[in-house]
Amino acid sequence: MSKDVLVVKDLNMHYETLAGNVSAVKNVSFSVKEGESFGLVGESGCGKTSVAMSLLQLQADNAKISSGSISLDGIEMVGMSESELRKVRWDGISIVFQGAMNAWNPVVKVGEQIREAIREHYPNNTKNENTEKIESLFKMVDLDSSIMDRFPHELSGGMKQRAVIALALSCDPKVVIADEPTTALDVVIQDQILKEIKKVQELLGLSLIYISHDIAVIAEMTDQMAVMYAGSIVEIGPTDQVFSNPKHAYTRLLLESTPSVVGEKKKLRSLEGEPPSLIGEENGCSFSPRCPDPSDKCKSGNSEMGLIEVADGHFADKCCVECG
Amino acid sequence: MKKNVIEVKNLEKYFEVSGGFFSRKKTTVKAVDDITFEIPFGESLGLVGQSGCGKTTTARALCLLDPKTGGEVNFFNNETSSMQSIDELEGEELKKFRRNIQMIFQDPYESLNPRWTIKDIILEPLNIHNIGDLDEREEAVSEILQTVGLTPPENYMPRYPHELSGGQRQRVSIARTLIMKPKFVVCDEPTSMLDVSIRISIMDLMLNLAKDLEVSYLYITHDLAVARYMCNRIAVMFNGKIVEIAETEELLNNPVHPYTKRLISSIPVPDPSYDRKVYDINFEELDSLIEKYGSDKPMIDIGNEHYIATHDVKGII
């Protein structure tokens with residue numbers, strides 16, 4: 001049995017704004033094992049990226065982690081000083097950012113930018129060693145080594161995204177976070193990038209946290225998954241379990257709203273309404289107003305929240321499980 | 001016999017690109033090359049392909065936003081009840097034509113003027129075409145807002161685009177398009193910027209409006225799963241040419257062209273137990289194949305109104 005590399009426990013994070021505190025991450029707990037891929041799915045604004053940024057502690061200035069713990073290989077990361085964090089970032093956890101187009105400095109050659117990251121973490125390496133390292137990284141993601149001397153604007157979207165993956169792998173991290181790495185790309189390129197990520201993950205035995213709003217991508221990429229809604233995890237478990245036996249109404253709706261090219265043509269269900277405001281205290285089930293079939297208890301706002309185990313390793317929100 | 005709302009024959013859009021600052025040599029980029037299709041009333045055609053294959057260029061040529069460089073586009077003329085070439089349109093007639101053909105753009109964040117209220121945005125086409133008096137126009141705006149599901153309309157009319165979510169903005173774009181009661185709407189990836197959960201409600205809205213208002217769509221997307229949901233027929237485009245065109249389910253179940261096979265097999269399936277195998281093709285080889293056999297020959301019907309480009313038949317069968 002492989003051990004947990006990353007353990008997140010009761011993480012709470014909020015943004016301080018003029019209108020009040022926005023609780024973007026509420027009591028989020030999950031763990032990622034060695035070599036495992038973990039998916040985080042939900043609609044925009046549900047807190048997926050906020051979780052990712054909290055893991056790296058790269059959140060905006062007005063964001064505060066109010067409680068909880070993030071431990072990487074047994075080392076607690078919440079409360080670390082900036083210089084300690086610098087060592088962990090990229091070395092322990094690295095990230096493939098959402099928009100590959102904006103992840104590069106436009107006036108510095110791609111190879112030079114990767115070299116910069118390596119130099120920071122391995123100051124004793126010679127220039128040649130670093131060049132070899134970058135070449136091997138590029139080979140891994142199917143890029144020609146001549147790309148090193150190119151500027152970001154000379155690359156296509158797919159090539160840039162491959163280079164971002166190479167950058168994320170440059171310091172041999174244990175955990176890689178992929179934050180919607182394929183959203184701006186078309187289906188054929190998306191497919192190639194997904195394959196690349198999978199290949200690299202298997203090759204290096206990485207733990208991967210894959211963030212996406214596309215449940216079809218999560219189905220293909222991950223072993224474990226969590227569904228987020230309004231800052232909380234509402235369902236978590238093995239991916240095939242969650243897909244075959246979804247317990248939360250929101251998960252069911254997500255599954256029923258995704259079109260597919262295989263199988264019978266299905267009538268898709270849409271999710272009406274807007275996600276709730278995350279400012280201020282909330283009572284009861286946050287999904288209740290959009291739920292197609294809420295129970296009376298759920299509507300009254302008195303239902304108990306919190307995850308309960310519905311099957312081996314598969315947890316869902318208590319309110320929704322009781323709703324049926 | 002179905003009546004067509006639009007017929008496109010051998011549409012071409014070439015761009016001249018100069019070789020460099022000092023070079024006088026010019027090369028042509030064939031962005032859209034020899035495209036033929038027709039869309040009957042009330043039906044929608046999906047135009048599917050990778051980025052840069054010429055989907056949007058086709059759309060812009062149809063809407064007369066960029067003049068085409070060759071080929072014919074015929075549009076149904078209500079008054080004469082016959083097909084009319086869009087090249088002949090001038091003055092008042094052109095204005096009338098523009099009422100009947102509208103476009104919904106990809107990015108609801110960039111296609112709405114940030115300094116105008118929602119009311120102004122939707123009112124603009126009515127002002128331009130001088131339809132009704134002021135009261136009637138306002139009435140029409142409030143009606144169309146209800147139709148696209150932005151109720152109550154009074155709440156939305158004085159707002160600015162930045163106050164709305166992505167899904168609501170796209171509803172505003174749809175309202176602005178439909179207020180002219182067009183017969184034909186070109187939709188350029190209207191849902192690709194939206195969340196999965198909102199996407200379905202926008203697609204359902206468009207499908208319902210198509211039924212109620214008898215609108216035909218040319219639906220541009222790179223996602224075949226979306227096209228399957230929206231369209232009666234699908235045309236697959238590769239490097240400026242249509243390589244395969246058929247009824248939606250026919251195309252998905254019996255794809256013939258290697259590029260179509262690749263495209264279908266590239267789409268992730270929302271089922272962890274499904275083992276997706278990607279159909280591997282060499283894009284350069286395919287490109288040279290098309291180059292070699294040319295594209296001036298008509299497409300071949302292999303039955304069930306399923307057409308494929310000729311180069312491919314030679315290469316494979």
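Q: Which residue stands opposite A:Tyr210 in β8(A)?
A: That's A:Ala178. Keep in mind that this is a predicted model.

Q: Is β8(A) buried or exposed?
A: Buried: six of the six residues of β8(A), residues 207-212, are buried, so the strand is largely enclosed by the rest of the structure. Both of its faces are covered, with A:Ser207, A:Ile209 and A:Ile211 on one side and A:Leu208, A:Tyr210 and A:Ser212 on the other.

Q: New topic! How many residues of chain A are in contact with chain B?
A: There are 31, and they touch 32 residues of chain B. The largest share on the chain A side comes from α7(A), with five residues. By type, the chain A side divides into 14 nonpolar, seven polar and ten charged residues.

Q: What about helices in chain B, at what angle do α6 and α7 pack?
A: Helix α6 (residues 166-178) and helix α7 (residues 196-213) of chain B pack at about 15°, with their axes 10 Å apart. That angle makes α6(B) roughly parallel to α7(B). Their crossing is right-handed.

Q: Which residues make that contact?
A: Among them are B:Ile174 and B:Leu178 of α6(B), and B:Leu205 and B:Leu209 of α7(B). The contact residues divide into eight nonpolar, four polar and no charged.

Methods
Residues numbered from 1 in each chain as written. Chains lettered and ligands numbered in written order. Predicted model: local features only at pLDDT ≥ 70, side-chain atom pairs only at ≥ 80, totals over all residues. Axes fitted to C-alpha atoms, helices over the stretch in contact; angles between N-to-C directions. Helix = DSSP H or I, 4+ residues; strand = E, 2+ residues; numbered from the N terminus. Parallel < 35°, antiparallel > 145°, perpendicular 65-115°, else oblique. Left-handed = near helix turned anticlockwise from the far one by under 90°. Contact = placed C-beta atoms within 7 Å. Nonpolar A, V, L, I, M, F, W, Y, C, P; charged D, E, K, R; others polar. Buried ≥ 20, exposed ≤ 12 C-beta atoms within 10 Å, placed from the backbone. Pairing = 2+ DSSP bridges.
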